[in-house]
Amino acid sequence: MAQLRPTLFALVALSALACDGGDGDDPLPAVEHCGAIAADEVWVAGLHTLTCDVHVNGGAHLTVEAGATLELAEDASLNAGCEGTVGSIAVEGRAVASVLLTSATGTTDTWNYLRFCADADGARNALRSVEVEHAGRYDNLTARSGVIVV
């Protein structure tokens with residue numbers, strides 16, 4: 001039994017080090033995104049800040065997982081298949097963990113849009129359990145055949 005106590009103490013000490021010691025509500029830092037996505041990416045649950053326009057192209061596929069929050073900076077947008085090559089976006093929220101697209105400033109009409117252009121891979125695009133707030137600025141959007149704007 002004397003040999004078991006040091007082992008038990010070591011396990012308790014390691015468990016305490018693995019915890020953040022706080023209330024568990026400490027947010028993870030935001031992941032910043034800007035520019036072209038030319039290879040498949042997965043954005044996991046948590047905060048993602050789009051600091052400029054993001055274009056998924058070159059045959060790439062972006063998956064946004066349930067529980068993710070996308071904060072878009074002023075005039076920023078998220079686009080699939082808009083640069084003359086195929087690209088796709090699947091926003092995969094769930095009823096218990098939706099995906100939120102919102103303004104990085106918290107004010108209305110500051111970020112542009114989520115856009116699926118004519119070269120977007122329709123078979124791979126998806127919007128499931130998505131909440132959109134503070135959107136609506138699209139001053140420079142050029143209407144084209146096959147464009148879907150959210």
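Analyst: Happy to. Let us start with a pair of residues: V99 has V130 in β11 as its bridge partner. This belongs to the parallel pairing of β8 with strand β11 (residues 130-132), which runs over three bridges. Two strands count as paired here if DSSP finds at least two bridges between them, and strands are DSSP runs (E, at least two residues) numbered from the N terminus.

Before going on, a word on the source: this is a predicted model, in which local features need pLDDT of at least 70 and side-chain atom pairs count only at pLDDT 80 or more, while totals for chains, interfaces and linings use all residues. Residues are numbered from 1 along each chain as its sequence is written, and side-chain values use heavy atoms, with hydrogens and water left out.

Strand β8 (residues 99-103) also pairs with strand β5 (residues 68-72), again in the parallel sense, over four bridges. Within that pairing, E71 has T102 in β8 as its bridge partner. Four of the five residues of β8 are buried, so the strand is largely enclosed by the rest of the structure. Buried means under 20% relative accessible area, exposed means over 50%, and partly exposed lies in between (1.4 Å probe, protein chains only).

E71 leads us on to T49, because the two are in contact, that is, they have heavy atoms within 4.5 Å. T49 sits in strand β3 (residues 46-56) and is buried, at 13% relative accessibility. Leaving aside neighbours within four places in sequence, the contacts of T49 are A30, V31, E32, H33 and E71.

Three bridges join β2 to the parallel strand β4 (residues 60-65), and E41 stands opposite L62 in β4.

Finally, the structure holds one salt bridge, meaning a side-chain nitrogen of Lys or Arg within 4 Å of a carboxyl oxygen of Asp or Glu. The side chains of E92 and R128 form it, at 2.8 Å from N to O. E92 lies in strand β7 (residues 87-92) and R128 in strand β10 (residues 126-128), so the pair ties together parts 36 residues apart in sequence. Both are partly exposed, with relative accessible areas of 26% for E92 and 43% for R128.
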